[in-house]
Amino acid sequence: MSSTKRPSGMWRIISDAGQDLGVYVGDSVADALDAMARDAGYASQETAMSAVGPFRGRVIFVGRLSEPPVSGR
């Protein structure tokens, strides 16, 4: 049995311009932002911030991985 904990939450990330950047999994907002940064080709959110500045936008919890996503948020 693996000791690695599976991320439990789903987070929708929206830019400050209103662009839906996708849904990412993680246990926290920081985890979701880190996943988005890796998806964009950065090693981490910290690396992305060094290159392009801090994230400005919204991160919305949409549900647990064991639950269907909440629509309309």
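These are my notebook entries on a predicted model.

**Ground rules**

I number residues from 1 along each chain as its sequence is written.

For burial I used relative accessible area: under 20% is buried, over 50% exposed, and partly exposed lies in between (1.4 Å probe, protein chains only). Contact means heavy atoms within 4.5 Å.

**Entry: the core**

In soluble globular proteins, nonpolar side chains tend to be buried together.

I then checked A32. Setting aside neighbours within four places in sequence, A32 is in contact with W11, I13, Y24 and V25.

**Entry: the aromatic pair**

How many aromatic pairs does a search of the whole structure find? It finds 1. The rings are those of W11 and F61; their centres are 5.1 Å apart and their planes at 70°, so the pair is edge-to-face. W11 lies in β1 and F61 in β3 (residues 57-64), so the pair ties together parts that are 50 residues apart in sequence. My rule pairs rings of Phe, Tyr and Trp (its six-membered ring) if their centres lie within 6.5 Å; planes under 30 degrees apart count as stacked, over 60 as edge-to-face, the rest as tilted.

W11 is buried at 12% relative accessible area. F61 is partly exposed at 28%. I also noted the separation of F61 from A32: 29 residues in sequence, and 9.8 Å in space from C-alpha to C-alpha.

**Entry: salt bridges**

I counted a salt bridge where a side-chain nitrogen of Lys or Arg is within 4 Å of a carboxyl oxygen of Asp or Glu. The count comes to 2.

One joins the side chains of R12 and D20, at 2.6 Å, N to O. R12 is partly exposed at 25% relative accessibility. D20 is also partly exposed, at 38%.

Another joins D34 and R38, at 2.7 Å, N to O. Both residues lie in helix α1, 4 residues apart, about one turn of the helix. D34 is partly exposed at 22%, and R38 is partly exposed at 45%.

**Entry: A37 and Q45**

A37 lies in helix α1. Its relative accessibility is 3%, so I log A37 as buried. Beyond four places in sequence, A37 touches Y42, S44, Q45 and A48.

Q45 lies in helix α2. Is Q45 buried or exposed? Q45 is buried, with a relative accessible area of 13%. Leaving out residues up to four places away, Q45 touches L33, D34, A37 and F55.

**Entry: the ends of α2**

At the start of α2 (residues 45-52), I found a side-chain oxygen of S44 within 3.3 Å of the backbone nitrogen of E46. I read this under the polar contact rule: a pair of N or O atoms within 3.5 Å; within protein, one must be able to donate a hydrogen and the other to accept it, and residues adjacent in sequence count only if both atoms are side-chain atoms. After α2 comes G53, whose phi is positive, near 95°.

**Entry: S15**

S15 lies in strand β1. I log S15 as buried, at 15% relative accessibility. Which residues is S15 in contact with, leaving aside neighbours within four places in sequence? They are L21, F55, R56 and G57.

Definitions and conventions: This is a predicted model: local features need pLDDT of at least 70, side-chain atom pairs count only at pLDDT 80 or more; totals for chains, interfaces and linings use all residues. Side-chain values use heavy atoms; hydrogens and water are left out. Helices (H or I, at least four residues) and strands (E, at least two) are DSSP runs, numbered from the N terminus.
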